[in-house]
Amino acid sequence: MNELVIELTEISPKGFFGTQNSNIELLKKYFPKLKIVARGNKIITYGDEEMLEEFDKRMDMLVTHFGKYNKLDEDTMERILSSTDLNGIEEAESEGEVLVHGVGGKLIRARTPNQKKLVELMSKNDMVFAIGPAGTGKTYTGVALAVKALKEKQVRRIILTRPAVEAGENLGFLPGDLKEKLDPYMQPLYDALRDMIPAEKLASYLEKGVIQIAPLAFMRGRTLDNAFVILDEAQNTTHSQMKMFLTRMGKNAKFMITGDPGQIDLPRRVISGLKEALLVLGNVKGVGVIYLDDKDVIRHRLVKSIIEAYKRIEHDNEF
């Protein structure tokens, strides 16, 4: 049996091993055929030579990350240990450009290779479609780009919109005026903004219309100039809604359309405006398309497993 000894000389072994050796336990989970022992400032591993070479590569990336950021969370470990694209991981783990200095000093930046590609694509195109499952950071990255553009005076306003799919009878039973009825649909957009703009400033922007959050139906008849506009949950638009929205684009405008074709809430036999738009506009110059996947999920680690489980069911057509 072959042996590999990795000595941690430049970093804190205790910090790298994690609380109660949690990071070592995660290593064992991803390399079940290896015997991994943490002792002092060394990680001693026994097993097949080819497997040890792979383990050595992943460990080098983990140690490099820990040395640079002085921390190693579970999400980062899973991304490094499970990725098939080591170059992409190295690119994602680079410090990268800070998009927004958020509330409480929070640094908001693209955290995965595809999120970085989304940022680059948005800088090169006036209209971008960001497609992917829940938790991949589509909306959050988009809002960060919009706030950045506003702060740098590239645009004068931010407009965030969503189709209110249940805007018929269900809303009628909710208490309050129209804004209060619709606010629950817009909550993810408010949540992202609260991370990036102090409460008083955000309230002022909303009052003055510098930031507008409204259902898609409110876009009809408008021309959106000097604005960064995000259409969220676009899979729930119809043909006419999507066409209406896309033709609102005015001078010096940036349009970002996000959605997950796997979570359509439209009635049966109603074609998703997002799916149609991707077919119609996929090759139009000035329109960018980026597909994010479960490797970009940055929510709770269980979300990745949930997406994967449902993907298997959907592929097997069991429902």
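Modeller: Two strands pair if DSSP finds at least two bridges between them. Keep in mind that this is a predicted model.

Biologist: In which sense do strand S6 and strand S10 pair, and over how many bridges?

Modeller: Strand S6, residues 127-131, and strand S10, residues 254-259, run in the parallel sense and share 5 bridges. Within this pair, Ala-130 stands opposite Thr-258 in S10.

Biologist: What is the order of the strands in the open sheet?

Modeller: Read it as S8-S7-S9-S10-S6-S11, 6 strands with parallel pairing. At the edges stand S8 (211-215) and S11 (287-291); each has a single partner strand, so one side of each is left without a neighbour in the sheet. On average, neighbouring strands here are turned by 15° against each other, direction ignored.

Biologist: Which strands does helix H7 touch?

Modeller: Contact means heavy atoms within 4.5 Å. Helix H7, residues 138-151, packs on the sheet and touches S6, S7 (157-162), S8, S9 (227-231) and S10. The direction of H7 makes about 170° with that of S9. Helix H11, residues 239-246, lies across S6, S7, S9 and S10, and runs at about 155° to S10.

Biologist: Where is Ala-253, and is Ala-253 buried or exposed?

Modeller: Ala-253 sits in the loop between H11 and S10. A residue is called buried under 20% relative accessible area. Ala-253 has 5%, so Ala-253 counts as buried.

Biologist: What does Ala-253 touch, leaving out residues up to four places away in sequence?

Modeller: Ala-253 touches Asp-126, Leu-224, Asn-226 and Ala-227. The chain also brings Val-229 to a C-alpha separation of 7.4 Å from Ala-253, although the two are 24 residues apart along the chain.

Biologist: How do I read the buried residues of a helix? Which ones are buried in H2?

Modeller: An α-helix has 3.6 residues a turn, so residues three or four places apart point the same way. In helix H2, residues 22-30, the buried residues are Asn-23, Ile-24, Leu-26 and Leu-27. They cover an arc of only 155° around the axis, which puts them on the same side of H2.

Biologist: How many helices and strands does the chain have, and what share of its residues count as buried?

Modeller: There are 13 helices and 11 strands. Of the 319 residues, 46% count as buried. The accessible surface comes to about 17700 Å², with 50% of that belonging to carbon and sulfur atoms. Among contacts between residues at least 6 apart in sequence, 71% join residues at least 24 apart.

Technical notes. Residues are numbered from 1 along each chain as its sequence is written. This is a predicted model: local features need pLDDT of at least 70, side-chain atom pairs count only at pLDDT 80 or more; totals for chains, interfaces and linings use all residues. Side-chain values use heavy atoms; hydrogens and water are left out. Helices (H or I, at least four residues) and strands (E, at least two) are DSSP runs, numbered from the N terminus. Axes are lines fitted to C-alpha atoms, for helices over the stretch in contact, and angles run from 0 to 180 degrees between N-to-C directions. Buried means under 20% relative accessible area, exposed over 50%, partly exposed in between (1.4 Å probe, protein chains only). The arc is that of the directions from the helix axis to the C-beta atoms. Accessible areas come from the Shrake-Rupley method with a 1.4 Å probe; for residues, only the protein chains shown count as cover.
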